[in-house]
Amino acid sequence: MSEPLFDVENLYVSFPDPNHKTLFGQMPMVEVLHGIRLKIEEGTVVGLVGESGSGKSTLGRALVRLLDPVSGSIRFAGTDITYLDENALRPLRRDLQVIFQDPLSALNPRLTIGTIIGRPLQLHGLANGRREALKLTQEALEHVGLPTAFVARYPHELSGGQRQRVGIARAIATRPRFVLADEIVSGLDVSSQAQILTLLADLKKDLGLTIVFISHDLSVVRRLCDQVVVLRHGEILENRPTGPLFEHPEHPYTAELKAAIPLPEVDGDWLNS
Ligand SMILES: Nc1ncnc2c1ncn2[C@@H]1O[C@H](COP(=O)(O)OP(=O)(O)OP(=O)(O)O)[C@@H](O)[C@H]1O
Ligand SMILES: [Mg+2]
């Protein structure tokens with residue numbers, strides 16, 4: 001078997017503990033992830049679920065090295081990225097993209113959509129000059145179902161769903177191998193949510209993208225994800241293919257989560273429709 005895209009071994013992450021500030025000396029640390037082991041195969045969508053504060057976002061941010069782990073290792077595409085500094089990470093950044101929960105705060109209000117998507121392409125050397133950046137930006141907009149004329153617009157001139165599409169277009173424009181999607185539909189109305197999720201499923205199919213999808217909505221996770229990782233208190237309780245995990249939860253906590261899926265369930269064909 002080929003090497004997984006991500007291979008995480010015994011990963012520990014801590015943050016300074018603001019509740020135990022001392023007047024002198026270092027702030028004590030609180031450990032948030034405890035010995036995470038996780039393999040992610042290329043081309044799969046992995047759901048990260050678990051109650052608030054269980055460490056989902058922290059694990060996601062560690063994967064794309066938006067934070068510094070304390071110990072353990074993260075291998076990405078065969079490279080140990082655990083302790084690389086930002087300089088060393090720069091060539092990898094195009095492959096490690098993030099779609100944020102709140103597109104309005106994630107998109108610079110003073111820049112046009114064209115600049116928001118196009119500038120990173122030039123920075124990563126993926127476009128030679130502004131003309132080519134513009135062309136690739138328009139392609140990315142088409143890919144997410146937005147008019148190419150949106151290059152001239154500003155974020156506040158778009159609807160929430162359109163802004164989230166811009167966030168996705170920006171993430172895929174660099175042709176990344178990996179995208180972290182952290183609660184990306186929670187601020188949207190139900191129909192925009194369904195459209196965004198259909199788009200994600202298409203992108204996985206079209207681009208062979210590997211996605212870590214963090215969500216509280218288990219009915220969505222069940223439909224979209226190939227694999228589900230259940231986190232609790234910074235540890236992985238279960239990590240299995242979606243079908244078996246929901247049909248026969250091994251851990252009582254997973255069974256509880258499953259029982260909390262709201263009824264009635266969404267139509268099973270909505271992702272295909
Ligand atoms: N930058 C930070 N500094 C200090 N503590 C942090 C930081 N980020 C997260 N934490 C703590 O780490 C723990 C895990 O947080 P995390 O955001 O990963 O949880 P989560 O599972 O994503 O929760 P939610 O579902 O609410 O988004 C929490 O106790 C949180 O308070
Ligand atoms: Mg979170």
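**Entry 1: threonine 44**

In which loop is the place of threonine 44? I looked this up in a predicted model, and I found threonine 44 in the loop between β2 (29-40) and β3. Setting aside the neighbours within four places in sequence, I listed the contacts of threonine 44 as Lys204, Leu209, Thr210, Ile211 and Asp226.

**Entry 2: the sheet**

I turned to the strands and wrote down an open sheet of 6 strands, in the order β6-β7-β8-β3-β9-β10, with mixed pairing. The edge strands are β6 and β10 (235-241), each of which pairs on one side only. From one strand to the next, the twist averages 20°. As a reminder to myself, strands of a sheet pair through backbone hydrogen bonds, and they do so either in parallel or in antiparallel fashion.

Which sense do β7 and β8 show? I found that β7 (residues 178-182) and β8 (residues 210-214) pair in the parallel sense, over 5 bridges, and that leucine 180 stands opposite valine 212 in β8. For β9 (residues 227-232) and β10 I noted an antiparallel run, joined by 6 bridges, with glutamine 227 standing opposite proline 241 in β10.

Histidine 233 counts as exposed, because its relative accessibility is 52% and exposed means over 50%.

I also looked up glutamate 183, which is not a glycine either and whose phi is positive, near 55°. Glutamate 183 has its place in the loop between β7 and α7, and I recorded it as buried because its relative accessible area is 12%.

**Entry 3: helix α7**

Which strands does helix α7 lie across? I traced α7 (residues 190-207) across β3 (45-49), β6 and β8, and I noted that the helix runs at about 155° to β8. Within helix α7 I picked out leucine 197, which counts as buried because its relative accessibility is 2%. I also checked the C-alpha atoms of leucine 197 and isoleucine 211, which are 14 residues apart along the chain, and found them separated by 12 Å.

**Entry 4: aspartate 95**

How far away is the nearest side chain of opposite charge? That side chain belongs to arginine 94 and is 4.5 Å away; because a salt bridge needs a nitrogen of Lys or Arg within 4 Å of a carboxyl oxygen, I wrote down that aspartate 95 is buried yet has no salt bridge. I did find that the side chain of aspartate 95 reaches the backbone nitrogen of arginine 177, at 3.2 Å. Leaving aside neighbours within four places in sequence, I listed Phe76, Arg175, Pro176, Arg177 and Phe178 as the residues in contact with aspartate 95.

Conventions
Residues are numbered from 1 along each chain as its sequence is written. Chains are lettered from A and ligands numbered from 1 in the order in which they are written. This is a predicted model: local features need pLDDT of at least 70, side-chain atom pairs count only at pLDDT 80 or more; totals for chains, interfaces and linings use all residues. Side-chain values use heavy atoms; hydrogens and water are left out. Buried means under 20% relative accessible area, exposed over 50%, partly exposed in between (1.4 Å probe, protein chains only). Lys and Arg count as positive and Asp and Glu as negative; His and the chain ends are not counted. A polar contact is a pair of N or O atoms within 3.5 Å; within protein, one must be able to donate a hydrogen and the other to accept it, and residues adjacent in sequence count only if both atoms are side-chain atoms. Contact means heavy atoms within 4.5 Å. Two strands pair if DSSP finds at least two bridges between them. Helices (H or I, at least four residues) and strands (E, at least two) are DSSP runs, numbered from the N terminus. Axes are lines fitted to C-alpha atoms, for helices over the stretch in contact, and angles run from 0 to 180 degrees between N-to-C directions.
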